Amino acid sequence: MGLYLVTGGAGFIGSHIVEELVQRGESVRVLDNLSSGRRENLASVQDKVDLRECDIRDLEAIRPVLEGVDYVIHLAALSSVARSIEDPVSTTLVNLNGTLHVLLAARDVQAKRVVMAATAAAYGDNPSLPRVETQMPQPLSPYALTKLAGEYYGQIFHRIFGLEVVALRYFNIFGPRQNPQSPYTGVLSKFIVAYLRGQTPTIFGDGEQSRDFTFVTNVVDATLRACLAPAAPGKVINVGTGRGSTLNQTIAFLNQILGVQVTPQYAPPRVGDVRHSTADISLARTTLSYEPRVSLEDGLRRTVAWLRTALS
Ligand code: UD2
């Protein structure tokens, strides 16, 4: 028990975490500037959540929001490789300066723990697969760099100030509420929207790049475990499923689920892209007792069902 603060709590992943915390009877505060987050994402829990509209780029503005908080789940970010290439300054101000502000404010209110969202993008094109946390990072985009630097800041705060910080390297997360309107949304959301609108999905490159597509509820589970697991502080931990799928395979799954035979169109590869990405989740298993429960196929079915309603 305690007070949880979820930064980015009105966003895709954040709103699922908030709902689960409310379900468990926890007290929850949300810090969100509603730039990509939406009030509607919290509709089911709106009376039970204290939503503070606030921006992590403003340290003095967030300090009062952290008053009395025990656990900080820090998700607020500009989370897109493509966007970070177009506008590295904004990505840096939010992801790096913003994270530093959250850490400073958490330290000053003596929060029990900070769990922060990091990314699989930190591994870049390091040739060894699956990705193990001990591998040398190789950020290939401003997004990856800012997230990796945020992790390092967390570890420094842990060492110097004794703040309990856990960084979770989320692999490619998908599921309901991943913004179907945004050009920067995840590829599976884009694919499904195209299917449902009768448009042709576009694959950047040959479609043989792989990702460890992870359904959002798996990530909720890992994140809440990281708030309490005794051995987690100071660690960087992968959160994925341990299984990689190529984009061409995901198209085949969607054809099966939707009972159609769509052929995607292929466009030039995206700059700053990683070729392959699969998580080794041994550390999450041992440290967090985490086990992915929802498969890619089940997750796709649930996401299709949600998007059908959301787009109608
Ligand atoms: C990165 C991170 C992920 C998360 C995310 C946040 C890696 C391996 N993963 O995801 O953990 O932090 O950033 O945004 O770095 N694509 C298409 N067609 C489209 C859209 C995308 O083919 O319409 C391709 C894209 O070129 C890439 C793949 O799909 O090869 C996945 O792209 P994404 O934007 O969904 O996620 P990614 O891998 O950049």
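Over the ring of which residue does the charged end of Arg107 sit? The charged end of Arg107 sits over the ring of Phe161, 4.5 Å from the ring centre. A charge is taken to sit over a ring if NZ of Lys or CZ of Arg is within 6 Å of the ring centre and within 35 degrees of the ring normal.

This is a predicted model, in which local features need pLDDT of at least 70 and side-chain atom pairs count only at pLDDT 80 or more, while totals for chains, interfaces and linings use all residues. Residues are numbered from 1 along each chain as its sequence is written, and side-chain values use heavy atoms, with hydrogens and water left out.

**Aromatic residues**

The structure holds 5 aromatic pairs; rings of Phe, Tyr and Trp (its six-membered ring) pair if their centres lie within 6.5 Å, and planes under 30 degrees apart count as stacked, over 60 as edge-to-face and the rest as tilted. The ring centres of Tyr123 and Phe171 are 6.3 Å apart and the planes stand at 35 degrees, so this pair is tilted. The pair links distant parts of the chain, 48 residues apart: Tyr123 belongs to the loop between β5 (113-119) and α5 (142-161), and Phe171 to the loop between β6 (165-170) and β7 (173-174). Helices (H or I, at least four residues) and strands (E, at least two) are DSSP runs, numbered from the N terminus. Arg169 lies over the face of Tyr123, at 4.7 Å from the ring centre. Phe161 belongs to one aromatic cluster with Tyr153 and Phe157.

**The ligand**

There are 23 residues around the ligand, and Thr119, Tyr143, Arg211, Arg270 and Asp273 come nearest; a residue is near if one of its heavy atoms lies within 4 Å. By class, this shell has 11 nonpolar, 8 polar and 4 charged residues. Strand β8 gives the most to the shell, with 3 residues.

| Residue | Part of the residue | Distance |
|---|---|---|
| Tyr143 | side chain | 2.6 Å |
| Tyr170 | backbone | 3.0 Å |
| Arg211 | side chain | 2.6 Å |

Taken alone the ligand exposes 740 Å², of which the protein buries 92%.

**Helix α8**

Thr250 lies in helix α8 (residues 247-258) and is buried, with a relative accessible area of 0%. A polar atom of the Thr250 side chain lies 2.7 Å from the backbone oxygen of Leu247.

Notes. Polar contact = N/O pair within 3.5 Å; in protein donor to acceptor, adjacent residues only side chain to side chain. Areas by Shrake-Rupley, 256 points an atom, 1.4 Å probe, with all protein chains shown as cover. Nonpolar A, V, L, I, M, F, W, Y, C, P; charged D, E, K, R; others polar. Buried < 20%, exposed > 50% of the residue type's maximum accessible area, 1.4 Å probe, protein only.
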